[in-house]
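Please examine the sequence and the three-dimensional structure shown here before reading on. The paragraphs below then lead through the chain step by step.

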Amino acid sequence: NKIYREAFMGCFVEQYQTVHRLSTNKLRQIAKMFAHLLVSDSIPWSVLSVIRLNEVDTTSSSRIFLKELFLEISEFLGIERMLTRFQDPTMTPHFAGLFPKDNPKNTRFSINFFTTIGLGALTDDMREYLKSMPKRILQEQHAALQQQQLQQAAEDSSSSSSSSSSSSSSSSSSSDSSSGSSSSSSDSSSSSSSSDSDSEAESAQKKKAPAKSERDDRSRSSAPAASAAAAAAPSESRRRDDGDRDRDRERDRERE
């Protein structure tokens, strides 16, 4: 019945997590009951995924529970059928906690546990794993090293491309700055040349200005003299006329 099956699955998980609260005799009886349910396929073997067989995740009570459970299953099925069940590829993910291969310490703990309770035949796969572990470690290290080298090469290529782009941008900016400086220098040279021409023009005007002022002064100084000469000329002519008249009068008087 599906309802009872799901209920017993929940009971197995709950009892395993709280097995430390039970007495030794009671937990042995519960382990034998669940072994019967597993052998008869009343509950799926996937419920064993809750078990983490290592030194940290187990207690003395849980180890006693597991010992009674697997010994009872081996009495019903036998070691060969039991081994066949545990080696089923479709169920292997659910037994990863029972036969750990994530850490050599956990693997050795599981091997010692099953060997101690007389089920060492279940640990042959883990023993082979431990033997081949140094090679796997070397292979993993080699693969990690290759991946690191590839990442380093990718970073180097990206850095080189970024540096080339930055150099091109810097060269363009330098060309812009050089063109700007050349234009500014040309502007400054043109402005300096214009300022020079302006200064030359001003100096020429300044030179012309004194000459013009001198000319004006000369003309001004010569003007009174000319006017005085012009004024003196009639007076002299008058004097001459008067002298001529006096002479004529004297001649008339002598004639008389």
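The account begins with the chain as a whole, then turns to its helices, its loops and its pocket.

This is a predicted model, in which local features need pLDDT of at least 70 and side-chain atom pairs count only at pLDDT 80 or more, while totals for chains, interfaces and linings use all residues. Residues are numbered from 1 along each chain as its sequence is written, and side-chain values use heavy atoms, with hydrogens and water left out.

The protein chain contains six helices and zero strands. Helices (H or I, at least four residues) and strands (E, at least two) are DSSP runs, numbered from the N terminus. Read from the N terminus on, the order of the elements is α-α-α-α-α-α. Of the 256 residues in the protein chain, 20% are buried. Here buried means under 20% relative accessible area, exposed means over 50%, and partly exposed lies in between, as computed with a 1.4 Å probe on protein chains only. Among the contacts in the protein chain with a separation of 6 or more, 68% join residues 24 or more positions apart; a contact means heavy atoms within 4.5 Å.

Helix H2 covers residues 24-39, 16 residues in total. From its first C-alpha to its last, H2 reaches 23 Å, close to the 22 Å expected at 1.5 Å a residue. The expected span of a helix is 1.5 Å times one less than its number of residues. Which residues of H2 are buried? They are Leu27, Ile30, Ala31, Phe34, Ala35, Leu37 and Leu38. These residues cover an arc of only 160 degrees around the axis, which puts them on the same side of H2. The arc is that of the directions from the helix axis to the C-beta atoms. An α-helix has 3.6 residues a turn, so residues three or four places apart point the same way. The exposed residues Asn25 and Gln29 are carried by the face of H2 turned away from its buried side. The cover over the buried residues of H2 includes helix H1 (2-17) and helix H3 (60-77).

In the loop between H1 and H2 is Arg21, which counts as exposed at 66% relative accessibility. Although Arg21 and Ser61 are 40 residues apart in sequence, their C-alpha atoms are 8.5 Å apart in space. The loop between H2 and H3 holds Asp41, a residue that is partly exposed, with a relative accessible area of 43%. Asp41 is not a glycine, yet it has a positive phi of about 60 degrees. For comparison, most residues other than glycine have a negative phi. The loop between H2 and H3 is also the place of Asn54, which counts as buried at 10% relative accessibility. Leaving aside neighbours within four places in sequence, Asn54 is in contact with Asn106 and Phe109.

Helix H3 has 18 residues, which should span 26 Å at 1.5 Å a residue, and its end C-alpha atoms are 26 Å apart, in agreement. The buried residues of H3 include Phe65, Leu66, Leu69, Phe70, Ile73 and Leu77, and also Glu68 and Glu72. Among the elements that cover the buried residues of H3 are H1, H2, H4 and helix H5 (104-116). After H3 comes Gly78, whose phi is positive, near 90 degrees.

Within helix H5 lies Thr107, which counts as buried at 0% relative accessibility. Not counting residues up to four places away in sequence, Thr107 touches Pro100, Lys101, Met126, Tyr129 and Leu130.

Rolling a probe the size of a water molecule over the atoms shows where empty space is left. On a 1 Å grid over the protein atoms alone, with a 1.4 Å probe, a pocket is an open set of points with protein on both sides within 12 Å along at least five of seven lines, and lining residues have an atom within 4 Å of a point. About 220 Å³ of space lies in the largest pocket; grid points are joined across faces, edges and corners, and a volume is the space filled by probe spheres set on the points. The lining of the largest pocket includes Leu83, Phe86, Phe95, Lys101, Asp125 and Met126. Helix H4 (79-86) and helix H6 (124-255) are the elements that give two or more residues to this lining.
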